[in-house]
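Please keep the sequence and the structure at hand while reading.

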Amino acid sequence: MKVVVEVTDVGKVIGGRQIFEHISFSCTRDTILFVRGGNGTGKSTLLKMLAGIYEPTAGEVRRQTKYIGYVPEHFPEDIRFKVKEYLLLTASFHGTVKDCEARIMEYMDLFGLSPFENKPIAACSKGTKQKVGIIQALLMEPDLLLLDEPLTGLDQESQEAIIRLLQSFCGTVAIIFTAHEDGPITELATHVLQIETGEVSTVGQSVRRKRQKEIHIMIPAGEKMMFIPAGQIEMNGRTAVITVEQDSSDDMLRKLLGMGCSILEVRNK
Ligand SMILES: Nc1ncnc2c1ncn2[C@@H]1O[C@H](COP(=O)(O)OP(=O)(O)OP(=O)(O)O)[C@@H](O)[C@H]1O
């Protein structure tokens, strides 16, 4: 598969300070690279370098891209447009608005933004602004998508919408995202770059862990829940919380309903 971006032994010095050095990796369209590192380790700087905003002090960044979608950590504060108006405007920079309008509506629907289409961006929440930024980047049909801390400050539902959306692009767009630490988005990654050491690893089970659900139930009198392993169930009188991997949650729900349990709540863990 064609390499979209290739980074060879890059380093960056800002104001006389070495921010990072000896970073090398390459991405194809089926790469989802998670750039992990603590505060101030240079994750945003690296993304800006990949976007072409900063030049490396050492090494080389080679891009074979048509469009790069870059979503900074913070949406610009002083945008005076309304949500849909802004997306139509930015789409017009890259193609015909007519083609884009249907896709804008589709993305807004997917992200639950339709009720806010006429809301001024300046008055929107951080999550809404973040989604607008991602939609704006996707409208260009990028072959490389750079996302700086895409889930920070978002509620769980919005985080899941973004993860699902990014998952659907896997294989068609190389994605590079940053985060301080492992979290729900980590499981998307195919590779992890630890920026402090420059070490790139292919994601194993420890990082790409399965998502889990918590099922809160009310147990009918006299019913024993012996079929559920002890480590998976937490009993509290007649209520219990069962933790299952997302893939098997439907089966578990069917079983529990079949036994006459009441489902009180199902939560992502
Ligand atoms: N334009 C700049 N001028 C001066 N210093 C800068 C500039 N850009 C970045 N830095 C410094 O470089 C270091 C790395 O910053 P960067 O924002 O890339 O880190 P980060 O890993 O993304 O941090 P965070 O997780 O807190 O967002 C910081 O010490 C920052 O202050």
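In helix 1, the residues Lys43, Thr45, Leu46, Leu47, Met49 and Leu50 are buried, and the helix, which runs over 43-51, is followed by Gly52, a residue with a positive phi near 90 degrees. The model is a predicted one, and its chain has six helices and 13 strands. Of the 269 residues in the chain, 45% are buried, and the C-alpha trace spans about 70 × 45 × 35 Å along its principal axes.

**Ligand surroundings**

- The shell around the ligand holds 15 residues, of which Arg17, Gly40, Lys43, Ser44 and Thr45 come nearest.
- Helix 1 gives the largest share of this shell, three residues, while strand 2 (17-28), like helix 1, supplies at least two residues.
- Sorted by class, the shell around the ligand consists of eight polar, four charged and three nonpolar residues.
- Lys43, which is among the buried residues of helix 1, has a side-chain N or O atom 2.8 Å from an oxygen atom of the ligand.
- For Thr41, a backbone N or O atom lies 3.1 Å from an oxygen atom of the ligand, whereas for Glu73 an N or O atom in the side chain is 3.5 Å from an oxygen atom of the ligand.
- On its own the ligand has 620 Å² of accessible area, and the protein covers 61% of that area.

**Salt bridges**

- Side chains of opposite charge can pair when their charged atoms come close.
- With a cut-off of 4 Å between a side-chain nitrogen of Lys or Arg and a carboxyl oxygen of Asp or Glu, the count comes to seven salt bridges.
- One of them joins the side chains of Arg36 and Asp182, at 2.6 Å from N to O.
- Because Arg36 lies in strand 3 (residues 32-36) and Asp182 in the loop between strand 7 and strand 8, this pair ties together parts that are 146 residues apart in sequence.
- Within that pair, Arg36 counts as buried at 18% relative accessibility, while Asp182 is partly exposed, with a relative accessible area of 31%.
- Another salt bridge is formed by the side chains of Arg267 and Glu214, at 3.9 Å from N to O.
- Arg267 belongs to strand 13 (residues 262-268) and Glu214 to strand 10 (residues 212-218), so the pair ties together parts that are 53 residues apart in sequence.
- Arg254 counts as exposed at 56% relative accessibility, and Asp251 is partly exposed, with a relative accessible area of 45%.

**Positive phi outside glycine**

- His22, a residue of strand 2, has a positive phi near 55 degrees although it is a residue other than glycine, and its relative accessible area of 51% makes His22 exposed.
- Glu149 likewise is a residue other than glycine with a positive phi, near 50 degrees, and its place is in the loop between strand 6 (144-147) and helix 5 (156-169).
- Glu149 counts as buried, because its relative accessibility is 5%, under the 20% cut-off for that class.

**The loop around Thr186**

- Thr186 is found in the loop between strand 7 (174-179) and strand 8 (191-194), and with a relative accessible area of 1% Thr186 is buried.
- A polar atom in the side chain of Thr186 lies 2.7 Å from the backbone nitrogen of Gly183.
- Thr186 and Leu33 are separated by 153 residues in sequence, yet their C-alpha atoms are 9.4 Å apart in space.

**A nonpolar surface patch**

- Phe81, Leu89 and Phe93 form a nonpolar patch on the surface, and together they have about 280 Å² of accessible area.
- Phe93 sits in the loop between helix 2 (83-92) and helix 3 (97-110), and Phe93 counts as exposed, because its relative accessibility is 60%.

Terms used: Residues are numbered from 1 along each chain as its sequence is written. This is a predicted model: local features need pLDDT of at least 70, side-chain atom pairs count only at pLDDT 80 or more; totals for chains, interfaces and linings use all residues. Side-chain values use heavy atoms; hydrogens and water are left out. Patches are made of residues with over 30% relative accessible area and no salt bridge: like charges are joined within 9 Å, nonpolar side chains (Val, Leu, Ile, Met, Phe, Trp, Tyr) within 5 Å. Accessible areas come from the Shrake-Rupley method with a 1.4 Å probe; for residues, only the protein chains shown count as cover. Helices (H or I, at least four residues) and strands (E, at least two) are DSSP runs, numbered from the N terminus. Buried means under 20% relative accessible area, exposed over 50%, partly exposed in between (1.4 Å probe, protein chains only). A residue is near a molecule or strand if one of its heavy atoms lies within 4 Å of it. A polar contact is a pair of N or O atoms within 3.5 Å; within protein, one must be able to donate a hydrogen and the other to accept it, and residues adjacent in sequence count only if both atoms are side-chain atoms. Ala, Val, Leu, Ile, Met, Phe, Trp, Tyr, Cys and Pro count as nonpolar, Asp, Glu, Lys and Arg as charged, and the others, Gly among them, as polar.
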